[in-house]
Amino acid sequence: MITEALVLSAILFVIGTFGVLVRRNAMIMFLCIELQLNAVNLSFVAFSRLFGIEGQIFVFFVMTVAAAEAAVGLAIIISIFRHYETVNVDSFNLLKW
Amino acid sequence: MSGVLLSLAALVQGSSEAANEAGHFEPFLPGLIVLLPLLGFIANGYLSLRHARVSADSVRSGSEFDLSDASSRPSTHTLPTWIGPGVMGAAFLITLVNFSRMLGVHLEEAVVVHYWTWIATGTFSVEAALQLDQLSIIMMMVITGVGTLIHVFSVGYMKDDPGYPRYFAYLNLFVFFMLVLVMGSSYALMFVGWEGVGLCSYLLIGYWFSDREKADAGKKAFIVNRIGDVGFLVAMFLLFKNFGSVDFISIFHDADTLIYGGGLVTAITLFFFIGAIGKSAQIPLYVWLPDAMAGPTPVSALIHAATMVTAGVYLVARSSVLFALAPFSSAIVAGVGVLTALFAATIALKQNDIKKVLAYSTVSQLGYMFLGVGVGAYAAGVFHLMTHAFFKALLFLGSGAVIHSMHEAYHATHSHEDAQDMRNMGGLHRPMRITCITMWIATLAIAGIWPFAGFFSKDEIIWYAGAWAGAEGAPYPQLYTVYWMLALVAALLTAFYMTRMMVMTFHGKNRTGEKEQGHLHEAPPVMWIPLAVLALLSVFGGWINVPEALSAGWAGLGGLLPMSEWLHHWLEPITAQAHHVQEVNLGKYSYYAPFGGGEALWAAISTILAGTVVFLTVQIVRRQEILAVKDDATDLSGFSKVLFNKYYVDELYDRVIVQPILRISRFCWRVIDAGIIDGAVNAVGWGSKGAGWLVSMFQTGSINTYAFILTVGVLFVLGASLF
C-alpha cells in the first residue's frame, strides 16, 4: 500500500520538476511547483502510517506555507504581466547582478 | 567642590616618608614645582590654539593685526608674557623655600614624596614619586632659576614672533619634563623626563618649522638622541633584571652585591653612558647639538646649554655608585669626555657663526663635566654643570641680544645678510655696552680666569684628573695622565676661541654695513636684566666651592672667600657611597699632580696661561683684517679648512650611515614593500576579481537556467550522499 503511494508521489514530483524546467509560462511553472509540494505532501501522509502522526501535522504546515507562497507568487506574476504584458520567462532576465 | 580642592591639595602635597631622625626636612609643595610648568603649558597651549584661530579670522576679515605694534596685539599674544615666566618664577620661589629648608638640616637620606603607584605588575612596581636630596635640589635650583631668567629674556626676544604662545607652551613643557627628569625617584621616571625633554628639544629646534633646514635639524636631534635612549633602556632593563627594581634608593642600597669591576656593572654603566652620550652630545653622537642652533636663541640657552644637555652628567652623578664600581666604564666616560672637550674646542676655533662657536663650546664644556664625573670627582662635575649653566646661558642670551639687534638692523634696511655671522659684526661694544660687558664676564669665566666661576669649577676637574693619575692604586694611571694634559690643552683652546668670538663680535671696525650701523641698538631691559643677573652669577657662582687647598692662599683671598668646598660637602651624602667604594677598592686618593706641585701652583699656572692666551688673542684678532661676508672671498686651505668643515664628520656619517640606510630603506620600499608585499596583496585582489568575473558568467538572469542548475545541484548532492 505504502509503496504505491510513494511511487505515485515520485511520479508527481518528477512531472512537477520537468514542468518547471521545460515550460516557459510563469503560470504553468508556478502550478508545477505546487505539484511538487503536493507530491511531497503525499509521501508525508504515506510515511505517517508507519511513523506516527507527525507527518500529517507537517502537511498542514506545508499547505499553509504553500498558500502564503501562492499569494506572493501570484502577486508577482500579475505585476510582471502588467509590466511586460506577457508571462513568458524568456522575455525577462533582470534576476542578475 | 571643597572635597575636590582637598584631594587636589593632597595630591600636590603628597605623602613623604621623611625617615631620618638627624634632621627633619619637611618638603614644601614639591609637587607644585612640577605641576606649575605643566599648568603653564596647558594654559599657553590653549592660548596658542586660540591664537591660531584668532589670526586666521583676522586675516579672513582683512583686519590683520600688526604684532610689532604693542597696542594692537590680541590677548592671546599678551597673556603668555605673564603665564610663561610667571609659572617659572613661582616654581623657582617654591624651590628656593625647599632649598632653604634643606640648608637648615643635615639631610642624610633622600626624602621621597609619594603620589601614586604608576606601574604595578606582580612584584615590580614603579611609584610616581619625587625625590628631594642635595643633588636634585641643586639641579632644580639651576633649572627653575636659570629657566626663569631665560623665560624673561624670551619675552623680549620673541615678542614679534607670530608663534609666541606656542613658544612659551613648549618652553614650559620642557621645564616640566626636565624637573621630572631630575626629581623622579627612579630610573623609569627619569626616563619619562629624559624622553620628554627630547621631545621638547625637537619641537623647539624645529620651532620655525616652515624652514626645511630647521625642521631637519629638529629631526636630526631627535633621531640621534634615540640612539642613545636605547642604551638608557637596556641599562634600565639590566638593572631591573638584577635588582628587580628601578628605584634609586633600593638599587643603591643593594649596590654592594655587585662585583667591583664585574661584567654586569660595567655593562650597565656603559649602556647608561651611551644614553648620556646621546643626550649630552659627546663623541660620536655630538653632531646634533651644533645643528640644534636652528632653534630660537633662548632655547639654545635653556635646553642646549644650561639644562637638558647636562642630563647625561646628572645621570652619571646620580649613578655614581655604579660608576665607581666600574673603573673601566669610568675610564671610558673620562676619555670620551676629554676627547670631546678637545675635539669640539678645535672645531670652535674656525667657526664664523656666533651660535656655532657657542654650540661647539658647549659640547667641549660638557666633555669637561664627563671628565670630572669619570675621574670620580662627581661633585666637581656637578659644580661645573652649575657654573656652566650660568655663564653659557649668559653667552647664549648675549649672542641672542646681538642677533636680535643685527636682525633688526638688516630688517630695517631690507638686506638679506647673515645676522649670525661674526664677520658681519665687529665694533658692537659701542651700541651694546651692557651686552658686551656681561658677555666678557662670561668669557673670562669660561676661559678659567680667577676669580670667575669657571676658574674654580674647571680647575677642580682638571686637578682631579691629574690627582687620579697620580693616585696610588688608581686604574690606568698613564691614561689619566694623558687625559690631564689633553684637558689643559682644551682649556687653552677655550680661552682662544672664546676671546676670538668676543673680539670679532664686539671690537674692531664695524662691518655690518653703512646703512645698518645706525639701527644697531642695545637690548631692552627685559633682555639685559637677565644678562646682568647671570653675569653676577658667573662672577660669584664659583665661590660656593673654593677648593680647600686654595681657600687660604691667593685664590681664596686668604680665606676671605667664605664657602670653602661648600658644594663638595653639600653633595657628600650623594657621593659618599661612591667614594667609599673607591676607598675600599683603590685606597685613598693621594693628591699629587703628575708633575709635582700642589693644587695652588697648578691653579696659578692655568689661570696665568689662560690670561695670557686671552690677552694675546685680543692682540692678534684685533690686528687681523676681517671682511664682511659679502666681501670675504678667502679660500681656506689645509688644516683650517678641515676645522672649518668640522672634520667632515657630518659628511662621513652621511656617507657611512645615512646613505646606506637610505639605500636599504629604498630597497625595502621599492622591492620588498611595493614589489613583494603590495604585489601579493594586489594579486589576491585581481585574482578574486577575475574569478568573480568568470563565475558571473553563470548568472544569466534567466529563471530557467537557475532552476536547471538548482536541480542538477540537488541531484548531485543527493547522489553524493547516496553513494
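Two residues are in contact if their C-beta atoms, placed from the backbone, lie within 7 Å. This is a predicted model, in which local features need pLDDT of at least 70 and side-chain atom pairs count only at pLDDT 80 or more, while totals for chains, interfaces and linings use all residues. Residues are numbered from 1 along each chain as its sequence is written, and chains are lettered from A in the order in which they are written.

**View 1. Packing of helices α17 and α19 of chain B.** Helices are DSSP runs (H or I, at least four residues), as are strands (E, at least two), numbered from the N terminus. Helix α17(B) (residues 433–447) packs against α19(B) (residues 477–506) at about 170°, with axes 9 Å apart; axes are lines fitted to C-alpha atoms over the stretch in contact, and angles run from 0 to 180 degrees between N-to-C directions. The two helices are therefore roughly antiparallel (angles over 145 degrees). From α17(B), B:C436, B:M439, B:W440, B:T443, B:I446 and B:A447 meet B:T494, B:A495, B:M498, B:T499, B:M502 and B:F506 of α19(B). The residues of this contact comprise 9 nonpolar, 3 polar and no charged (Ala, Val, Leu, Ile, Met, Phe, Trp, Tyr, Cys and Pro count as nonpolar, Asp, Glu, Lys and Arg as charged, and the others, Gly among them, as polar).

**View 2. The hairpin of strands β2 and β3 of chain B.** Strand β2(B) (residues 111–121) pairs with β3(B) in the antiparallel sense over 9 bridges; pairing requires at least two DSSP bridges. B:W116 has B:A128 in β3(B) as its bridge partner. Between the strands lie 2 residues, and B:G122 in the turn has a positive phi of about 55°.

Methods:
Parallel < 35°, antiparallel > 145°, perpendicular 65-115°, else oblique.
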